[in-house]
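Subject: Handover of the two-chain model

Dear colleague,

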Amino acid sequence: MKTKALIAVLFIGIILFWAVEDMPAFGDPEAPATQYTGQLYVDSVLPDIGIDNIVTAILASYRGFDTLGEVLVIFTAGISVALLLRRGGRL
Amino acid sequence: MMENVVIRTVSRLAVPFIQIFALYVIVHGASGAGGGFQGGVVFAASFILMIIAFGMPNVRRRIDNRGIMWLSVIGIAIYAGIGFLALLMGGNFLEYAAIEAALGIPHLHGILIDLVEAGIGIAVMAAMVSIIFDIAGNGEESS
């Protein structure tokens, strides 16, 4: 069982290291990830929203509904822990 | 643990600064590095430090277990309330620009984002503290 797991880990590890070769260099401006929507947000955050932090603008305004869901996930985690571990009583 | 005067004194000094820093991180979210999630977790970390230094019963005496859950609800209500406010002002859900256009106040968009971040911070802090109480407190009811 252990040798099987080791073989699986080595196999996946070799594939991942193989894929690292094709990744763009760190901070490469020509990388696909920085080409399309990134530049769009850099250009449009200040006229659209008027705050300096692009990350917060995307998090709270462009993707506001998504962030509401994230807060609800954390709230659900709190309620779940309370329901499972809190003894005898109400929330 | 209770007799270690160094730990108690240092954390008595450190906790207010950690909490002020957490509030700074929350409020600073619109103009620099920061945000509600990070600030809320830093705020909850100050309560972990208090639990380590002063013991669980002493902290429990000050923070109500059910009240902290209501605080989490209030945080989400601030966020969702601003979303429904945009709905009432004739926009889409969470469309801050509709509130800004309806009220005619400049830069309201950033202020609303700050309010939303504050709601996130309150909700995350309260949920984290509730989880810490439930896991570290052996499940007993708060006093």
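The notes below go from confidence to the contact between the chains, and then to single residues.

This is a predicted model, in which local features need pLDDT of at least 70 and side-chain atom pairs count only at pLDDT 80 or more, whereas totals for chains, interfaces and linings use all residues. Residues are numbered from 1 along each chain as its sequence is written, while chains are lettered from A and ligands numbered from 1 in the order in which they are written.

Confidence

The model scores ipTM 0.85 and pTM 0.83. Within chain A, the lowest confidence is found in helix H2 (residues 37–48), with a mean of 85, and the highest in helix H1 (residues 2–20), at 94; helices here are DSSP runs of H or I with at least four residues, strands are runs of E with at least two, and both are numbered from the N terminus.

The contact between the chains

Chain B brings 32 residues to the contact and chain A brings 26 residues, where two residues are in contact if their C-beta atoms, placed from the backbone, lie within 7 Å. On the side of chain B that touches chain A, the elements that give two or more residues are helix H4 (65–88) and helix H6 (108–136) of chain B, and H6(B) gives the most, with 13 residues. That side of chain B divides into 16 nonpolar, 11 polar and 5 charged residues, with Ala, Val, Leu, Ile, Met, Phe, Trp, Tyr, Cys and Pro counted as nonpolar, Asp, Glu, Lys and Arg as charged, and the others, Gly among them, as polar.

Chain A

The domain assignment of chain A, which is of the automatic or database kind, gives domain 1 (1–25) and domain 2 (36–91), and the centres of these two domains, taken over C-alpha atoms, are separated by 33 Å. A:Ile7 lies in helix H1 of chain A, and the C-alpha atoms of A:Ile7 and A:Thr56, which are 49 residues apart along the chain, are separated by 43 Å. A:Ile7 is exposed, with 10 other C-beta atoms within 10 Å; a residue is buried if 20 or more other C-beta atoms lie within 10 Å of its own, exposed if 12 or fewer, and partly exposed in between, with C-beta atoms placed from the backbone.

The axes of H2(A) and helix H3 (residues 54–62) of chain A come within 10 Å and cross at roughly 80 degrees, the axes being lines fitted to C-alpha atoms, for helices over the stretch in contact, and the angles running from 0 to 180 degrees between N-to-C directions. H2(A) and H3(A) are therefore roughly perpendicular to each other (65 to 115 degrees, with angles under 35 counted as roughly parallel, over 145 as roughly antiparallel and the rest as oblique). A:Tyr41, A:Val42 and A:Val45 of H2(A) make this contact with A:Ile54, A:Ala57 and A:Ile58 of H3(A), and the contact residues divide into 6 nonpolar, no polar and no charged. A:Val42 counts as exposed, with 11 C-beta neighbours inside 10 Å.

Chain B

B:Gly119 counts as buried, with 24 C-beta neighbours inside 10 Å, and, leaving aside residues up to four places away in sequence, B:Gly119 touches B:Gly75, B:Ile76, B:Ile78 and B:Tyr79. B:Val129 is buried, with 25 other C-beta atoms within 10 Å, and, again not counting residues up to four places away in sequence, B:Val129 touches B:Ala44, B:Phe47, B:Ile63 and B:Ile68. The C-alpha atoms of B:Val129 and B:Phe47 are separated by 7.1 Å, although the two are 82 residues apart along the chain.

Most residues other than glycine have a negative phi. B:Leu94, in the loop between H4 and helix H5 (96–103) of chain B, has a positive phi near 65 degrees and counts as buried, with 24 C-beta neighbours inside 10 Å. B:His107, in the loop between H5 and H6 of chain B, has a positive phi near 65 degrees, but counts as exposed, with 11 C-beta neighbours inside 10 Å.

With best wishes

Key. pLDDT is the predictor's confidence in each residue, from 0 to 100.
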